[in-house]
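Subject: Structure for your review

Dear colleague,

Please find the structure below, with the sequence alongside. My notes on what was found in it follow, and I would be grateful if you could read them with the model open.

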Amino acid sequence: MKLPMLRPEGNVPESARLGGEENNVPVMLSRLDETIGFFEKNLSNALGWARKNSIFQYPFVTACCGMEYMSAMAGRYDIARFGAEFPRFSPRQADLLMIVGTINVKQSPVLKRVYDQMCEPKWVMAFGVCASSGGFYDNYATLQGADRIIPVDVYVPGCPPRPEQVLDGLKILQDKIQTQRHRASTMERAPEMGK
Amino acid sequence: MSQALIELVRGKFPDATGSSHRGDEVVTVPRERVVEVIGFLRNDPAAEMKLLRQIAAVDVLTFRSETTGGGSIASIEAPAYALQKKPSVEPRYQVAYNLYSITRRQSLRVRVELRSDDMKVPTITGLFRTADWWERYIYDMFGVHFDGHPNLQRLMLYPEFVGYPLRKDYPVRKRQLLVPELDFPDLVRGPGPGPGGAGVPMSQTHVGRANVDPNTYD
Amino acid sequence: MTEDPLTLEAELPTSLMTVNLGPSHPAMHGTVRLTVTLDGETIVEAIPEIGFLHRGFSKSSENSTWHQVLPYTDRLNYVSPILNNVGYIMGVEKLIGIEDTERSQYLRVLGGEISRICDHLTCVGAIGLELGAFTVFLYAMEARELLWDRIAELCGARVTVSWTRIGGVASDMPPGWEQKLRDCLPRVMELTNEIDVLLTRNRIFVDRTRDIGVISAEEAIDWGFTGPCLRACGVNYDVRKAHPYLVYDRMDFEIPLGSRGDTYDRYVLRLEEIRQSHRIVLQCLDQMPPGPIIIDDWRYALPPKKEVFGSIEGVMAHFKLIMEGQQVPAGEVYVYTEGANGELGFHIVSNGKGKPYAIQVRAPGFPILSALPRLIKGHAVADLIPIFDSINMIGGEVEQ
Ligand code: SF4
C-alpha cells in the first residue's frame with residue numbers, strides 16, 4: 001500500500017517559513033527540523049497514517065446528541081467506513097474521546113478523569129454545541145463547553161449535528177492527525193494522574 | 001369535573017380552602033394537615049387517589065413585581081431589578097401535590113403554603129413510595145425541608161453546591177465549579193461575557209485570569 | 001477432612017462487595033450512577049444517583065419567553081421530541097383557554113405518533129444491542145432513520161424539532177409528503193416485524209427477560225409508574241384513552257396490556273404500541289381535514305409574513321410577540337399527556353407576563369427510575385442491563 005507523501009507544510013513550524021504570507025513555501029528548515037532525519041519524518045507519516053485510520057473511540061455519551069451518535073454508528077451513515085469502527089468503553093484502550101452531549105458541573109470531574117486515564121496519543125472531539133460551547137444552556141448547572149476543562153481538537157457544531165457533519169469532523173481530525181508529528185517513542189515523563 | 005372532591009375534603013377538613021382554575025381543582029390546606037389530607041384522599045373510597053403524579057413547588061417572590069418578559073438578554077436581568085424593588089413576600093413558597101385516581105379518573109391538587117422563615121413540611125413518604133425522590137428534588141431546588149424523610153439529600157446537584165437554584169433570588173448563571181477551568185492563553189471564545197469572551201484572547205483581557213473568580217462571572 | 005459428600009454443598013462464606021457502575025458506563029446509557037452491593041452475583045442493594053445531566057430546564061425556561069421554552073422541551077425526551085412539544089404547548093393553551101385548529105390537532109397527533117414509534121424503536125433496539133443482538137439495533141436504527149427523514153421534511157430538523165406553536169404547528173405537510181410517508185411506513189413495519197421475529201421467541205432473549213424485574217400493579221402505582229411500564233402490569237391507564245385530548249377520541253386504536261409486569265412484557269408491549277401508533281398515523285392521514293394550521297389570533301400566533309411586511313397591524317403584532325412574548329393570563333395548571341414512557345406532565349405557573357413564571361416537568365421516567373433499586377433487587381448483575389433498558393430511562397427528561 002502506498003504511504004501518503006510527506007507534507008512539508010504540516011511538519012514545518014511557523015517560525016521556519018520564509019517569504020511572508022503570499023509565498024508560504026518553506027525554503028529553509030529550522031535547526032529542529034534538520035535534526036529530524038529523513039527516516040524519522042517518514043516514520044512520523046507512517047505512524048500518522050496508521051493512527052488516523054484506526055481510531056478507537058470512547059463515546060462519552062450524555063445527552064440528546066447520543067441519538068445522532070447512534071445514527072452515525074448504524075447502518076446508513078456507518079462511521080466504520082472511516083476507520084473509527086469500534087467504540088471502546090475503556091478509556092485506556094481509546095484514542096479519541098468523543099464528548100457527545102451536555103457536560104454539566106456535576107459531570108465535569110468525571111470527564112476530566114476519563115480524559116486523564118486515556119493514554120497518549122489522544123484526541124478529543126466535541127460533538128454538538130453543548131460540548132463545544134454550552135449551547136443554549138447557559139445557567140447554573142452547565143459547563144460552557146468541554147474545552148473549559150480539557151483540550152479539544154475538533155468541534156462539530158449542530159444541535160445535534162447531522163451524522164454527515166460528524167463524519168466531516170472525523171475527516172478533519174484525520175487530517176490533523178496525519179500532519180502531526182508522531183514519534184516511535186518518547187523520553188518524556190508521563191504526566192501525573194489527576195494533575 | 002370534580003368540584004365534589006373539594007367538597008369531600010372540606011367536609012372532612014373544614015380549614016381547607018378550595019379553588020379551581022381552568023378545570024384544575026386545588027385545595028389549600030394548612031401545613032400540619034397535609035399528611036392527613038393526602039392520606040384521606042388516598043384511602044377514601046370516593047377519592048381513591050393512589051397515584052402521586054408530581055410534587056411541584058413555586059417561589060412567589062417576584063410573582064407580582066416581575067417587570068416583563070422578552071427574548072433579549074435584558075430580560076434575564078429583569079428578576080434582579082424586581083428583587084431590589086420588592087424584597088419579601090409571605091408566605092413565599094407553595095408546595096403542590098398533584099394527585100390522580102386511576103380508577104375514578106379524577107385529579108386534585110393539594111397545596112401547602114410556607115413562610116420563608118419556617119420551611120418545613122411533614123413528609124408523605126409513608127403514603128407514597130414515589131414521594132421519596134420528589135421530595136428530595138424539591139429540597140434540592142428550593143430548600144424545603146421534609147420532616148421525617150428517610151434520606152433527605154440533594155438529588156440533582158452535588159453536595160458542594162451552596163444555595164437553591166430554583167429560588168427566584170438565585171442568579172441564573174451563578175455556577176459553582178468542581179473542576180478549575182483551563183487557562184489557554186490564546187483561546188478566543190466568541191462573543192459574550194466571561195474570560196476569553198467578546199473576541200478578545202484571554203491573555204489580552206485587562207481583567208486577567210488571576211482576578212476572575214470562576215464562580216461569579218457569567 | 002471428612003469424606004462426607006455433603007460438605008461439598010456447604011455454604012461458601014461470601015462477603016459483600018460494592019461495585020460502582022457509571023456515570024459513564026456502556027450499560028448505563030444516559031448518565032446514571034449506580035452503586036450496587038453484590039453478594040456474589042446477586043444484587044443486594046442498589047443506590048442510583050442522578051443529576052449528571054441536570055441542565056437547569058426549569059431555571060432556563062423561567063428566563064425565556066413562552067415560545068423560547070419549546071427548544072428546551074425538545075431536549076427533555078430527545079427520542080420523541082414532538083410529544084414533549086405537544087405536552088408543553090397544550091399546557092400554555094390551557095392557561096390561555098384556547099384550542100388550536102382542527103388540522104393542527106391532526107398534525108400534532110400524526111407527528112406525535114411518529115415520534116412514539118421512534119422512541120419505542122430506539123428502546124427495543126437498545127435492549128437488543130445490550131443483550132448482544134446487534135442486528136436488532138441496526139434494523140431499529142434503519143427504521144428510525146426512515147421516519148426521521150420524514151420528520152425532517154415535515155419540521156425541518158431530524159431530532160430537535162420545536163414544531164408546535166401556541167394555537168397550531170409551525171409548518172404544514174409539504175406537497176407529496178403524505179405519499180412519501182405512506183410509502184415508507186410499510187418498510188418500517190416490515191423492519192419492526194423482523195425485530196419481532198428475531199427477538200420475541202428467541203430462547204436466549206426470553207430466558208434473559210422473562211420474570212426478570214417483576215413488579216405488581218399496586219406496587220407500580222405506589223411507585224408512580226405510568227405508561228408502558230404500568231400497562232405491562234395490567235393496569236389500563238393511558239391518557240390518550242382515559243382523558244382523550246386532541247383528536248384521540250376519533251382514532252380507533254387499542255391499548256395493549258401485559259400481565260406479569262416483567263421485562264419481557266414491557267418489551268412486547270412496546271412492539272405492540274408501535275403497531276397501534278402505526279394505525280393511528282394511517283387514520284390521521286385518512287381523516288386529515290384541510291384548513292389553517294394555526295389560529296388567526298395575533299395576540300398569540302405570529303401573523304403571516306404577508307401581513308408583517310404589508311400592514312402596520314402585522315408589524316406591530318409581530319414586534320410585540322417577538323419582543324415581549326405572548327401575554328399569557330395568570331394562573332396555574334397541571335397538564336398531562338401521554339408521552340412515550342408514560343404520563344408527561346407540566347406544572348406551569350404564569351403571572352400574566354411574557355415568560356412562564358414557573359415550570360416543572362413530571363418526567364415519566366423519573367418515578368420509574370426511582371424504583372430501579374426495587375426492580376433489580378435480588379437479581380444477578382447481568383439482569384440489571386435488560387431491566388434498565390426496558391424502563392427506557394431518558395437522561396434528558398429524568399434529570400431535566
Ligand atoms: S448540542 Fe443540542 S442535541 Fe446535543 S446535547 Fe446539546 S442540546 Fe442536546
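Between chain C and chain B, 13 residue pairs are in polar contact, counting pairs in which both residues have pLDDT 80 or more. Please bear in mind that this is a predicted model.

**The contacts between chains**

The interface of chain C and chain B draws on 57 residues from chain C and 57 residues from chain B. Together the two chains bury about 4,700 Å², and 55% of that area lies on carbon and sulfur atoms. Across this interface there are 5 salt bridges. In a salt bridge between C:Glu332 and B:Arg111, the N to O distance is 2.5 Å.

Chain B is also in contact with chain A, through 24 residues from chain B and 16 residues from chain A. Here about 1,700 Å² is buried, 59% of it on carbon and sulfur atoms. On the chain A side, A:Lys106, A:Tyr140 and A:Arg148 supply 48% of the area buried against chain B, more than any other three residues.

**Chain A**

Chain A contains 7 helices and 4 strands, which follow one another along the sequence as α-α-α-β-α-β-α-β-α-β-α. Of its 195 residues, 49% are buried. Among contacts between residues at least 6 apart in sequence, 76% join residues at least 24 apart. The accessible surface of chain A is about 9,400 Å², with 58% belonging to carbon and sulfur atoms.

Helix H5 of chain A (residues 108–117) is mostly covered, with 8 of its 10 residues buried. The buried residues include A:Lys112 and A:Asp116 as well as A:Val110, A:Leu111 and A:Val114. Among the elements that cover the buried residues of H5(A) are strands S1 (57–61), S2 (96–100) and S3 (123–127) of chain A.

**Salt bridges**

Over all chains, the structure holds 46 salt bridges. One of them joins the side chains of B:Arg31 and B:Asp118 at 2.9 Å, N to O. This pair links distant parts of chain B, 87 residues apart: B:Arg31 is in the loop between strand S2 (24–28) and helix H2 (34–43), and B:Asp118 is in the loop between strand S5 (106–114) and strand S6 (120–122). B:Asp118 is partly exposed, with a relative accessible area of 32%.

In chain C, a network of salt bridges links C:Glu113, C:Arg116, C:Arg231, C:Asp238, C:Arg240, C:Glu273 and C:Glu338. Within this network, C:Arg231 forms a salt bridge with C:Asp238, the closest N and O atoms being 3.3 Å apart. Both C:Asp238 and C:Arg231 are buried. C:Arg231 also meets C:Glu273 in a salt bridge, at 2.4 Å, N to O. Because C:Glu273 lies in helix H11 (residues 263–287) and C:Arg231 in helix H9 (residues 227–231), the pair ties together parts of chain C that are 42 residues apart in sequence. C:Glu273 has a relative accessibility of 2% and so counts as buried, while C:Arg231 is at 0%.

**Other sites in chain C**

C:Glu93, in helix H3 (residues 81–96), is buried at a relative accessible area of 4%. Leaving aside residues up to four places away in sequence, its contacts include C:Arg108 and C:Arg165.

C:Ile359 belongs to strand S8 (residues 356–362) and counts as buried, because its relative accessibility is 0%. C:Ile359 and C:Phe57 are 302 residues apart in sequence, yet their C-alpha atoms are 8.5 Å apart in space. C:Phe57 is one of the residues that C:Ile359 touches, and others among them are C:Val69, C:Tyr88 and C:Phe346.

Helix H16 (residues 381–390) is mostly covered, since 7 of its 10 residues are buried; C:Leu384, C:Ile387 and C:Phe388 are among them. After H16(C) comes C:Asn392, which has a positive phi near 50°.

With kind regards

Methods. Residues numbered from 1 in each chain as written. Chains lettered and ligands numbered in written order. Predicted model: local features only at pLDDT ≥ 70, side-chain atom pairs only at ≥ 80, totals over all residues. Heavy atoms only, no water. Contact = heavy atoms within 4.5 Å. Buried area = accessible area lost by both parts, 1.4 Å probe. Salt bridge = Lys/Arg side-chain N within 4 Å of Asp/Glu carboxyl O. Polar contact = N/O pair within 3.5 Å; in protein donor to acceptor, adjacent residues only side chain to side chain. Buried < 20%, exposed > 50% of the residue type's maximum accessible area, 1.4 Å probe, protein only. Helix = DSSP H or I, 4+ residues; strand = E, 2+ residues; numbered from the N terminus. Areas by Shrake-Rupley, 256 points an atom, 1.4 Å probe, with all protein chains shown as cover.
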